[in-house]
Amino acid sequence: MSKDKKSRFHINIRKMEPVRDRYMFTDNRHPEKGIISAILGCISAITYIVAVYFTYQNGGQALLQYAAAAFVAAIFSVVGLVLGIMSSFEKDIFRFFPNVGIVLNSLTVIFVALVLVLGFL
């Protein structure tokens with residue numbers, strides 16, 4: 001083979017570089033109010049699902065216990081919605097938990113309003 005022809009196979013050996021290039025260091029944090037909002041949203045959504053399921057199993061007649069659980073879940077969802085909105089205005093935070101809390105609590109508040117409207121019809 002002549003010296004002016006280059007080989008088609010080229011091996012690239014890289015020097016060991018620090019791995020700091022692969023990580024993004026940040027001062028952001030998960031806000032406590034956002035985490036509490038997401039937890040309250042999960043609790044209220046699960047409570048509504050269980051209450052509706054047991055009411056369906058009871059032939060459509062809601063017992064007092066189911067209504068009380070739904071009422072407490074409504075309070076949880078309103079408080080969670082307020083906490084989620086408050087935490088979304090904080091600075092230097094990750095927005096995952098506040099957004100999850102806002103979405104879950106908004107859905108449960110809408111569900112409560114829908115059940116109340118359908119109950120009056």
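Trainee: Which residues is Leu40 in contact with, leaving aside its neighbours within four places in sequence?
Mentor: Phe76, Val79, Gly80, Leu83 and Asn105. Contact means heavy atoms within 4.5 Å. Keep in mind that this is a predicted model: local features need pLDDT of at least 70, side-chain atom pairs count only at pLDDT 80 or more, and totals for chains, interfaces and linings use all residues. Residues are numbered from 1 along each chain as its sequence is written, and side-chain values use heavy atoms, with hydrogens and water left out.

Trainee: Is Leu40 buried or exposed?
Mentor: Leu40 is buried, because its relative accessible area is 14%. The cut-offs: buried is under 20%, exposed is over 50%, and partly exposed is in between (1.4 Å probe, protein chains only).

Trainee: Where is Leu40 found?
Mentor: In helix H1. Helices are DSSP runs (H or I, at least four residues), numbered from the N terminus.

Trainee: Why does Ile43 count as partly exposed?
Mentor: Because its relative accessibility is 39%.

Trainee: New topic. How do H2 and H3 pack?
Mentor: At an angle of about 145°, with their axes 8 Å apart. H3 covers residues 96–120. Axes are lines fitted to C-alpha atoms, for helices over the stretch in contact, and angles run from 0 to 180 degrees between N-to-C directions.

Trainee: Which residues make that contact?
Mentor: H2 supplies several, including Ala74, Phe76 and Val78. On H3, Pro98, Ile102 and Asn105 are among them.

Trainee: And how far apart are Leu40 and Val78 in space?
Mentor: 9.2 Å, C-alpha to C-alpha. In sequence they are 38 residues apart.

Note on methods. Helix = DSSP H or I, 4+ residues; strand = E, 2+ residues; numbered from the N terminus.
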